[in-house]
Amino acid sequence: MSDAVDLFVEDARTISVADAADRLGLGGLRRAGTAERIGPCPACGGTDRFGINTSRNVWNCRGGGGGHDAIGMAAHVLGLDVTRRDDFLEACSAVTGQAVPDGQGESEERRQLRLAQLVERRRLAEERADRREAETNAYREGERQKARDKWRQGLPGLPTVDAYLRARLGGHELPPLPFLRGVEREFYWHGEGEGGPVLLHTGVAMVAPFVDPAGLVIGCHLTWLDQHGPKGRPLLVDGGGERLPTKKMRGTKKGGLIPLVGWTMVGGTILPDLARRRLVVGEGIENTVAAAVVEMEGDPELFARSLYAAAGDLGNLAGPADPKSSFTHPSLKRPDKNGKPRAVRVQGHDPKPDQALDDAFQPPAHVDEILLLGDADSEPVATMAAMMRARARLGGKGRAWIAWPPAGKDFADVLCGVSEAA
Ligand SMILES: [Zn+2]
């Protein structure tokens, strides 16, 4: 090589990955952490497959390639083959912004061929990504259909379900609950071990639908029942003796609600009564039905103009948090991987900005007042933060309120206590 070309290559080798990224027009990468930036790969497409770390001076593409070398990054992004001399010099030129000296760069013919190959490579990569997305969507729709069928095939008015709810709610008279159905023999599978999931239990389950804002059933919620178990549910334990939840969800939950009182079946959809402009939402079914019972007994007029629905879990009720609002739990510590106790981080009070419709349940549009039911038998600090986040997400004070049961209880426990005392 001539001295001029040697100097030119030496220059290119001193360029950092970060500087080269700017020069290559990779400025559209978004921040992920303090030193990382991620985004689509100019050569392979995608949305997040390409990344650089400016403090470690390293780049990586899941489409293939990575390292500490800015020239290699330029070659990947531009479809250049660094084992070819003219391609290598072209990559050096791309990171320095200088023309290759002595006219030793790639020929115009070679450039045209390379650019055409780059376009083709990108097209193939996007096609692969589209196919994967279509497969994911088909899978999700299949799961929704299974969940829908499970609920549709459930039996209305199954005596075991009725007896369970009455016992859980202290024997009080219940409002009509047309969407809570029963399955007589529901399998409870657990684990993903070598032999696949294990059938841990078979028994009666209560099945409830999750409906999206258009009234379509998108998922279902199952609660296994056993009149001899704690709180009317079977005692399920895994191989290690760990207690397992007696509830499971199928299909899609996020963005949906479990309709309880004040909703009507219209064709294939379940829609809220438009005359009811107040919405009462709790995390669990029992807790929310308990609130409905309290209002039905204590304030029938309020009850008659209210919708009751469950969110299924706290995440779907509260929605995601703004990461900036997360805080350290005042007392709770958990051992890290070295066994050292570390303070637990709690998701904060502020909702994540620009949420999607399926990040958390959406209240019906005609509702102008929302009562959120707290659940005081979960961890109080995280629950409090989540409930405040839900209130803020749903319009704040003036539209949304939070009701708390006494410490350590939920509203269903309160009803049981009332009837025991009476
Ligand atoms: Zn790539």
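Isoleucine 38 has glycine 51, a residue of strand 3, as its bridge partner. This contact belongs to the antiparallel pairing of strand 2 (residues 36–41) with strand 3 (residues 45–53), which extends over five bridges. Two strands are said to pair if DSSP finds at least two bridges between them. Helices (H or I, at least four residues) and strands (E, at least two) are DSSP runs, numbered from the N terminus. The model is a predicted one, in which local features need pLDDT of at least 70 and side-chain atom pairs count only at pLDDT 80 or more, while totals for chains, interfaces and linings use all residues. Residues are numbered from 1 along each chain as its sequence is written, and side-chain values use heavy atoms, with hydrogens and water left out.

Strand 2 is joined to strand 3 by a hairpin of three residues. Strand 3 also runs antiparallel to strand 4 (residues 58–61), and four bridges join them. Within strand 4, tryptophan 59 is the bridge partner of isoleucine 52. Strand 3 and strand 4 likewise form a hairpin, with four residues between them. Asparagine 57 lies in the loop between these two strands, and its phi is near 50 degrees, a positive value in a residue other than glycine. Most residues other than glycine have a negative phi. Asparagine 57 counts as partly exposed because its relative accessibility is 26%; the term buried means under 20% relative accessible area, exposed means over 50%, and partly exposed lies in between (1.4 Å probe, protein chains only).

A positive phi is also found at aspartate 354, where the value is about 55 degrees although the residue is not a glycine. Aspartate 354 is placed in the loop between strand 17 (341–346) and strand 18 (369–373). With a relative accessibility of 78%, aspartate 354 counts as exposed.

Another part of the structure is an open sheet of five strands in the order 6-7-8-9-10, with antiparallel pairing. Its edge strands are strand 6 (155–156) and strand 10 (247–251), each of which pairs on one side only. Inside this order, strand 8 and strand 9 (residues 217–224) run antiparallel and are joined by seven bridges. Valine 207 has leucine 222 of strand 9 as its bridge partner.

Strand 8 (residues 198–211) also contains leucine 199, which counts as partly exposed at 39% relative accessibility. Together with Phe187 and Trp189, Leu199 forms a nonpolar patch on the surface, with about 280 Å² of accessible area for the three together. Patches are made of residues with over 30% relative accessible area and no salt bridge; like charges are joined within 9 Å, and nonpolar side chains (Val, Leu, Ile, Met, Phe, Trp, Tyr) within 5 Å. Accessible areas come from the Shrake-Rupley method with a 1.4 Å probe, and for residues only the protein chains shown count as cover.

A patch of negative charge on the surface gathers Asp3, Asp6, Glu10 and Asp11. Here Lys and Arg count as positive and Asp and Glu as negative, without His and the chain ends; the place of a charge is NZ of Lys, CZ of Arg, CG of Asp or CD of Glu. Aspartate 6 is in helix 1 (residues 3–13) and is partly exposed, with a relative accessible area of 35%.

The structure holds 29 salt bridges, each being a side-chain nitrogen of Lys or Arg within 4 Å of a carboxyl oxygen of Asp or Glu. In one of them, arginine 111 meets glutamate 90, and the closest N and O atoms are 3.5 Å apart. Arginine 111 lies in helix 5 (residues 108–152) and glutamate 90 in helix 4 (residues 85–96), so the pair ties together parts that are 21 residues apart in sequence. Arginine 111 counts as partly exposed at 29% relative accessibility, whereas glutamate 90 counts as buried at 11%.

Arginine 123 takes part in a salt bridge with glutamate 120, the closest N and O atoms being 3.0 Å apart. Both residues lie in helix 5, three residues apart, about one turn of the helix. Arginine 123 is partly exposed at 41% relative accessibility, and glutamate 120 is partly exposed at 36%. Glutamate 127 also forms a salt bridge with arginine 123, with the closest N and O atoms 2.8 Å apart. These two residues of helix 5 are four residues apart, again about one turn of the helix. Salt bridges that share partners also join Glu90, Glu106, Glu108, Arg111 and Arg114 into one network.
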